[in-house]
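Please keep the sequence and the structure in view while reading.

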Amino acid sequence: MGAKKTLASLKNKGFTRGVLLFATNNDAVDYVKMALLCASLVKKHLNVPVTLVTDPWWNTLDIVTKNQQIFDSTFDKVIVISNDDPVNSRAYRDTQYHSVTADFKNGNRLSAYELSPYDETIVLDVDYLVLSDNLNKLWGSPHDFHISRDATRINHQKLIGKEYRLNDYGIRMVWATVLYFKKNKFSKLIFDMVAHIKEHWDYYHLVYDFPDGLYRNDYAFSIALHTLGGALEEATVPGLPGDTIYTLLDRDQIYTATPSSWQLFINDDVETWKFTSTLWHGIDLHCLNKLSLLRVTNSLLASLHDNYLPT
Amino acid sequence: MTDTLKAQLDERLEATLVAANYRATIYQQRENAKVRLKQALTIGKNGGIFKIDQGMIGFIQVLIDEKKTSAVLLDINETPILIDDLKGFKSQVLDKYFQAMNDYILDMQEMKKARNTAAVLGLGPK
């Protein structure tokens, strides 16, 4: 179904459907700029409304003041919340040769249920680049909640180890990078459980024995779904239409990018100095190398918006 | 080892490495094309997500031949979905199938034409 047709048909049915993004800037990463790119690609490929959840000072950011009109046309709604989460510190790697450490706040994802203005919501990480209309297949699902259980590298190898299970003998991990939910009791139960897990993070860290104590949404949703599923290995909720999330790791690189075609460098597992190139298009991409993504974001936004002013 | 033999070995090794790079790159592009095909061969209908293949197309045709106008089909999550217009659904499925296959053969033909790594990546002459 074409993107334009999708929007028209859902308006006729009186449902509200849309995408929800979260962006909190830090010293190393301009998440708001990435959110603008993410939302622009959502508009291009899915043609559904997008809501941004961000900090109170978002409209003082350089990118916003310079491009207010683009923000107004791209985001249907901006929700401002004070993020009182404790600060996590993490390293942002940009290939094996460079990394920066910065504070980041990722704990507000669990408020997606309360904040979403839509009956059906797809929550995306802002580093998830929508390059196809694949996610449109989720609308109207008979299921209340979808989340991905698999991630695959851009060289088509499934991510394993700590990206597959919470520990060597642990439960299967889900990826909260992309999730779909309907506003109903079951979805609320999941988000409430995630909030409970976050509040008692140290306890769940001990029980599920996942690596390092940093709060991670993927782990929180994995534990919540495992608990709600009666502690069974079988999936409590179905996955996404594409089965897996294609992932550019933080040791891979974006070489060039246009909205329709990306040249990516895949870092070799064994000979770590070596990269293989791949031409990427038509498949959604989760870009963990945020610094590499930010290097091409200005040119991508300029291609997507005629009047974009780079920052 | 004489200098001539060494030079010949170096030449052969270099040619092998060039060919290996080409094959590794073409493998990546083939896998990318397969993923795009797989994506294109899914269709959302009445909230269900269906994988399109010859078996599915044949089954729908059998239902239509049996004068059925509607039927319950299992989607990729094994969720039963009522399809109330089988003929219309078949037409949508076939449109998607032909479009996906045409795109896939074009992808493959492009790759076949590209005889070096740069060309596979759209960086240089074929």
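In chain A, 3 strands form an open sheet in the order S12-S13-S14, with antiparallel pairing. The model is a predicted one. The points below treat this sheet, a second sheet, a surface patch and the salt bridges in turn.

- From one strand to the next, the twist averages 15°.
- Strand S13 (residues 261-267) of chain A pairs with S14(A) in the antiparallel sense, and 6 bridges connect the two.
- Within this part of the sheet, A:Gln263 stands opposite A:Leu279, a residue of S14(A).
- Helix H9 (residues 290-304) of chain A lies across S12 and S13 of chain A, and the helix runs at about 10° to S12(A).

**The mixed sheet of chain A**

- Another open sheet of chain A has 4 strands in the order S7-S15-S11-S9, and its pairing is mixed.
- Strand S7 (128-129) and strand S9 (151-153) of chain A are the edge strands, since each pairs on one side only.
- Strand S11 (residues 245-248) and strand S15 (residues 285-287) of chain A pair in the parallel sense over 2 bridges.
- Here A:Leu248 stands opposite A:Cys287, which belongs to S15(A).

**A nonpolar surface patch**

- A:Tyr203, A:Leu206 and A:Val207 form a nonpolar patch on the surface, and together they have about 350 Å² of accessible area.
- One of these residues, A:Tyr203, is found in helix H7 (residues 201-208) of chain A.

**Salt bridges within chain A**

- Over all chains, a search of the whole structure finds 17 salt bridges.
- A:Asp252 and A:Arg153 form one salt bridge, in which the closest N and O atoms are 2.7 Å apart.
- A:Asp252 lies in the loop between S11 and S12 of chain A, while A:Arg153 lies in strand S9 of chain A, so this pair ties together parts that are 99 residues apart in sequence.
- A:Asp252 counts as buried because its relative accessibility is 0%, and buried means under 20%.
- A:Arg153 is likewise buried, with a relative accessible area of 3%.
- A:Arg153 also meets A:Asp269 in a salt bridge between side chains, at 2.9 Å from N to O.
- This second pair links distant parts of the chain, 116 residues apart, with A:Arg153 in strand S9 and A:Asp269 in the loop between S13 and S14 of chain A.
- A:Asp269 is partly exposed, with a relative accessible area of 41%.

**A salt bridge between chains**

- B:Lys38 forms a salt bridge with A:Asp243, and the closest N and O atoms are 3.0 Å apart.
- The pair crosses between chains: B:Lys38 is in helix H1 (residues 3-40) of chain B, and A:Asp243 is in the loop between helix H8 (217-228) and S11 of chain A.
- A:Asp243 is partly exposed, its relative accessible area being 40%.

- Salt bridges with shared partners join A:Arg153, A:Arg251, A:Asp252 and A:Asp269 into one network.

Notes: Residues numbered from 1 in each chain as written. Chains lettered and ligands numbered in written order. Predicted model: local features only at pLDDT ≥ 70, side-chain atom pairs only at ≥ 80, totals over all residues. Heavy atoms only, no water. Pairing = 2+ DSSP bridges. Axes fitted to C-alpha atoms, helices over the stretch in contact; angles between N-to-C directions. Contact = heavy atoms within 4.5 Å. Patch = residues over 30% accessible without salt bridge, like charges linked within 9 Å, V, L, I, M, F, W, Y side chains within 5 Å. Areas by Shrake-Rupley, 256 points an atom, 1.4 Å probe, with all protein chains shown as cover. Salt bridge = Lys/Arg side-chain N within 4 Å of Asp/Glu carboxyl O. Buried < 20%, exposed > 50% of the residue type's maximum accessible area, 1.4 Å probe, protein only.
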